[in-house]
Amino acid sequence: IKWKKFRPAKQLFEEEIRLISGKITGSYDADRMPHVERIFQEIDKLSTVTITLMTASQTSKTTVGVGTIFKYADTEPADCLIMFPRESELKKMYENKVKKLLDGCDTLLKKIQATQAEDRKRGKDLLIKVNGIIVNILATNNTKSISTKYNYYDEVVEYIVGKLEEAMERAKSFNESGEKFIISSTQHPTKGGDDQINFYFNISEVKLQFWTYCPHCKEHYYPEPETLVFPTLEQWKESIGLGSEDEVNVYTILSEYSAYVRDNARLKCPHCYGEIDNETRRRLILDKKFEWFEVEPNVLDENNIVLSWKKVEKPKEKYKSVGLDINTLGIESYNMGDIAKDIVRAEYSKSKIQMMQMLYVGYFNRIYRTNIKKRESNDILLLTNGLKWGIVPNDTAKLYFIVDTQKDHYWWLIMAVQWGKIFNVVAHGKAYEWSDLKTLMFRSYKNENDEDRYIDRAYVDMRGYQRQETRE
């Protein structure tokens, strides 16, 4: 994190830790992180019980969660909880996410009476005592006999199913007495929004998003992935004197084109199409032009996935649960050119989908979705080549007939293999007689040019059931 005023880390943390002995929103140094002010305001509200932080990576969610827990430990007569996903990583999480904060806070360290590991019946865990108040630092496998009023759950998408609810249930004895549940995580990159953090964000009574400000039209908007724009490959070619048809190898694209993208990335307003560069974006953040807005779904797809959000006309004033959504384009310390460069490199990677999935949740706080639509089982052929049943793709090198022998029937499959080991299903089905398989095996199949193709080789799997007719 880069700070507006340059101060030694120790002094910086001492200034931050004033939140421990006072109201958290008035003393947290947020010069370069103005988004945290509203988060602390939501935590401070007496009526708010559950605060869900569904954010991109490196947005200070752990600093907010851990800092809040120690603020309560110092000011409230009630035990607290910090929970991490796995026991095997508990010590590392403590060192990286808790101890580093504490080591810079002389004021708080003087109040800590003990930091120790205890071997309890439920397993090994860590606890910190602040003025006699216990801060339990646990993994999800250690939730028995824990009743805590103030609770922070870190990276909940990595929790074992049901463990978050089990841990929250332990605090029910504090119901209606000011308890707090702070739930935070980035989204799971491959579950399509079907994870714990999305669930708690979606059921929140109030949903808040941190929106970008456009200096051209004075409107605000959420910085969705499509608002980050950068030069196309053709535009880059033109800038270096090449024609659009001139070929460029992938290594040049990954080095020179991606560097050009980094230097020319912009945020594009969806209202007026005005653009801002990275320095303008950072200045607007520091000037507190970016703002939190209460939102509701605007457009949904056929699977009820929210495609866009809109402002709520009359924001609620009192509620028990709130979800907050922010991505890295709302964080001053990031260079959006580096984000664009990573997107280009992922686009030309052999692991494009996996890389895009990680980048989208890490940078944009959004799920990367491909254009593949859900199909019924009888449309499975369309997932491979889009051709009709029995049609062989052009440029097929070999055509294989594969049979799986069952007790009273056969499963069969015709597989086309193109150069480069590209596999396509041509046809598949179920047969009860060997004669039917022979008919399928020796007939011709048309390709896309209406030319005849024949089976090149047949394979019969007899490792399970064996029949005399197949052996013959």
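Contact here means heavy atoms within 4.5 Å. This is a predicted model, in which local features need pLDDT of at least 70, side-chain atom pairs count only at pLDDT 80 or more, and totals for chains, interfaces and linings use all residues. Residues are numbered from 1 along each chain as its sequence is written, and side-chain values use heavy atoms, with hydrogens and water left out.

View 1. Strands (E, at least two residues) and helices (H or I, at least four) are DSSP runs numbered from the N terminus. Ser 184 counts as buried because its relative accessibility is 0%; buried means under 20% relative accessible area, exposed over 50%, and partly exposed in between (1.4 Å probe, protein chains only). Apart from neighbours within four places in sequence, the residues in contact with Ser 184 are Leu 53, Lys 61, Tyr 152, Tyr 153, Asp 154, Glu 155, Val 156 and Ile 197. With Tyr 152 there is a polar contact between the two side chains, at 2.8 Å. A polar contact is a pair of N or O atoms within 3.5 Å; within protein, one must be able to donate a hydrogen and the other to accept it, and residues adjacent in sequence count only if both atoms are side-chain atoms.

**View 2. The aromatic pair of Phe 401 and Trp 412.** Rings of Phe, Tyr and Trp (its six-membered ring) pair if their centres lie within 6.5 Å; planes under 30 degrees apart count as stacked, over 60 as edge-to-face and the rest as tilted. The structure holds 14 such pairs. Phe 401 and Trp 412 are stacked, with 6.1 Å from centre to centre and 15° between the planes. Phe 401 belongs to strand S16 (residues 396-405) and Trp 412 to strand S17 (residues 410-418), so the pair ties together parts 11 residues apart in sequence. Both residues are buried.

**View 3. Lysines over aromatic rings.** A charge sits over a ring if NZ of Lys or CZ of Arg is within 6 Å of the ring centre and within 35 degrees of the ring normal. Lys 289 lies over the face of Tyr 213, 5.6 Å from the ring centre. The charged end of Lys 311 is over the ring of Phe 293, at 4.2 Å from its centre.

**View 4. An open sheet of 3 strands in the order S10-S11-S12.** Two strands pair if DSSP finds at least two bridges between them, and the pairing in this sheet is antiparallel. Strands S10 (228-229) and S12 (275-276) are the edges, each pairing on one side only. S10 pairs with strand S11 (residues 266-268) over 2 bridges, and Leu 228 stands opposite Leu 267 in S11.
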